[in-house]
Amino acid sequence: MRDDYTISCHELDTAVDTAPAAGALGARLVGGGFGSSAIAPVEEDDSVAVAEAVEKTFAARGFTTPRFFEAIPSAGARRFS
């Protein structure tokens, strides 16, 4: 979405680039640009380190401190017959 639709911003790009470098399993922009979010699946043991790395990078670049929301994945969908 960043490249095809140009709907990202420096803060979102920073979160998406920093999280995997700090141990997240991946990261991507979700939503539609300003006011959107980045989502990063993270192993439970790595969550604090990833959040701290993103916060540190944001601070170094003069961005507003990000907020983090924990989401626990549920079981996948299944077909009922």
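**Exercise 1.** State what share of the protein chain counts as buried, and classify Ala-15 as buried or exposed.

*Solution.* Of the 81 residues of the protein chain, 25% count as buried. Buried means under 20% relative accessible area, exposed means over 50%, and partly exposed lies in between (1.4 Å probe, protein chains only). The model is predicted: local features need pLDDT of at least 70, side-chain atom pairs count only at pLDDT 80 or more, and totals for chains, interfaces and linings use all residues. Residues are numbered from 1 along each chain as its sequence is written, and side-chain values use heavy atoms, with hydrogens and water left out.
Step 1: find Ala-15 in helix α2 (residues 10–21).
Step 2: take its relative accessibility, 14%, so Ala-15 counts as buried.
Step 3: for its place in space, note that Ala-15 and Thr-57 are 42 residues apart in sequence and 8.4 Å apart C-alpha to C-alpha.

**Exercise 2.** Classify Phe-68 and Pro-73 by their accessibility.

*Solution.* Step 1: locate Phe-68 in the segment after α3; Pro-73 is also found in the segment after α3.
Step 1: Phe-68 has a relative accessible area of 42%, so it is partly exposed.
Step 2: Pro-73 is at 72% and therefore counts as exposed.
Step 3: Phe-68 and Leu-25 are 43 residues apart in sequence and 16 Å apart in space, C-alpha to C-alpha. For Pro-73 and Pro-41, the separation is 32 residues in sequence and 9.5 Å in space, C-alpha to C-alpha.

**Exercise 3.** Locate Glu-44 and decide whether it is buried or exposed.

*Solution.* Step 1: Glu-44 lies in the loop between β2 (37–39) and α3.
Step 1: its relative accessible area is 71%, so Glu-44 is exposed.

Technical notes
Helices (H or I, at least four residues) and strands (E, at least two) are DSSP runs, numbered from the N terminus.
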